Amino acid sequence: MSAQSETVRRTSVVDIARLYADGVRIATVTAYDYPTAQLVDEAGIPLILVGDSLGQVMLGYDTTVRVSMEEMLHHTKAVVRGSNRALIVADMPFLSYATPEDALENSGRFLRDAGAQAVKIEGGIRSARTIETLVRAGIPVMGHIGLTPQAINTLGRVRVQGRSREQARVLLADALAVQEAGAFAIVLELLPGQLAEAVTERLRIPTIGIGAGAGCSGQIQVVTDLLGLGTWTPRHARKYADLHGVILEALRGYRADTEAGTFPGNAETVLMDQTVLDEVLGRGAQDRAGETPAAGIPLDRDL
Ligand code: KIV
């Protein structure tokens, strides 16, 4: 079969389970728009989360609590359009799954209207019933425990969870509850490495860590952190590029060239047939004697 006739198939939760069973660590990244989704897909990353972190990194809100269903749907649709291989998980925003009925209605919108294949829900034992309802309805769910940013007003501030005996016990119980409710994977956010590893060893579903050490079944990063797009990088993230610097240099260069009149140049300018313009302006070729004929994009080439 030639490379061209090979059909591209979207990764499913069954494929994720297979990667996990084969011991492949699952690289996961957030994406919020069409071009980023295209790049993530091209890089072969099997799972994209359209995280509600979009509220802070794309929309400039102070917390994820401000993100609406409409905003999440809008961005999820763009990510689905930009990718054709990765499994797309849409993050259920604050209060969109407060009751199992709300959860069914809103997760249905993500799958039916936006084209996602799964949703993510924050919370352990407190969300187990909701997860079970969705899974029974045929909606794959990714759990999320540890630091759950939508609970920021209860937690007080962003900090590592599970350091104390009591917190560690609760988190272990939360992880088991999410698994028993039928989630296909679970995000562990900001947990001590040893606790995340212990949770991972006790589960039959993949754990996807962020700020939870290398002992998880996979990792997730906020795409702007790993690409260095913002000015601040969290301690748990590794900057694989400095897009902030690259983009700033490009924009400054564009501004300088525009101000100097060196952009656009010949290569970026379309020309018309000079005799047509001469006719319109009522002038003859002799009026242009001495002028250098302008060079530009060939007339027969589209932009
Ligand atoms: O919204 C998000 O990006 C997330 C990840 C950090 C797990 O929930």
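Asp-278 and Arg-283 are joined by a salt bridge, with 3.1 Å between the closest N and O atoms; the term stands for a side-chain nitrogen of Lys or Arg within 4 Å of a carboxyl oxygen of Asp or Glu. The model is a predicted one, in which local features need pLDDT of at least 70 and side-chain atom pairs count only at pLDDT 80 or more, while totals for chains, interfaces and linings use all residues. Residues are numbered from 1 along each chain as its sequence is written, and side-chain values use heavy atoms, with hydrogens and water left out.

Elsewhere, salt bridges with shared partners link Arg-9, Asp-15 and Arg-18 into one network.

In total, the structure holds 11 salt bridges. One of them brings together the side chains of Glu-70 and Arg-109, at 3.2 Å from N to O. Glu-70 belongs to helix α4 (residues 69–82) and Arg-109 to helix α5 (residues 100–114), so this pair ties together parts that are 39 residues apart in sequence. Glu-70 itself is partly exposed, with a relative accessibility of 48%. A further bridge is formed by the side chains of Glu-180 and Arg-204 (3.6 Å, N to O). Since Glu-180 lies in helix α8 (residues 165–180) and Arg-204 in the loop between α9 (193–202) and β7 (207–210), the parts tied together are 24 residues apart in sequence. Both Glu-180 and Arg-204 are exposed.

Turning to the overall fold, the chain has 12 helices and eight strands, where helices (H or I, at least four residues) and strands (E, at least two) are DSSP runs numbered from the N terminus. Its radius of gyration is 25 Å, well over the 19 Å that the globule rule gives for 303 residues, so the chain is more spread out than a compact globule. This radius is taken over C-alpha atoms, and the rule is 2.2 Å times the number of residues to the power 0.38. Along the principal axes, the C-alpha atoms fill a box of roughly 90 × 45 × 35 Å. Of the 303 residues, 43% are buried. Ala-185, in strand β6 (residues 185–189), is buried at 1% relative accessibility. The C-alpha atom of Ala-185 is 6.3 Å from that of Gly-143, although the two residues are 42 apart along the chain.

On the surface, Val-57, Met-58, Leu-59, Leu-229, Val-246, Ile-247 and Leu-251 make up a nonpolar patch with about 520 Å² of accessible area together. For such a patch, nonpolar side chains (Val, Leu, Ile, Met, Phe, Trp, Tyr) are joined within 5 Å, given over 30% relative accessible area and no salt bridge. Helix α11 (residues 243–260) supplies the largest share, three residues. Val-246 lies in this helix and is exposed, with a relative accessible area of 52%.

Aromatic contacts complete the picture. The whole structure contains one aromatic pair. The ring centres of Tyr-254 and Phe-263 are 5.8 Å apart and the planes stand at 70°, so the pair is edge-to-face. Rings of Phe, Tyr and Trp (its six-membered ring) pair if their centres lie within 6.5 Å, with planes under 30 degrees apart counted as stacked, over 60 as edge-to-face and the rest as tilted. Phe-263 is partly exposed at 36% relative accessibility.

Notes. Buried means under 20% relative accessible area, exposed over 50%, partly exposed in between (1.4 Å probe, protein chains only). Patches are made of residues with over 30% relative accessible area and no salt bridge: like charges are joined within 9 Å, nonpolar side chains (Val, Leu, Ile, Met, Phe, Trp, Tyr) within 5 Å. Accessible areas come from the Shrake-Rupley method with a 1.4 Å probe; for residues, only the protein chains shown count as cover.
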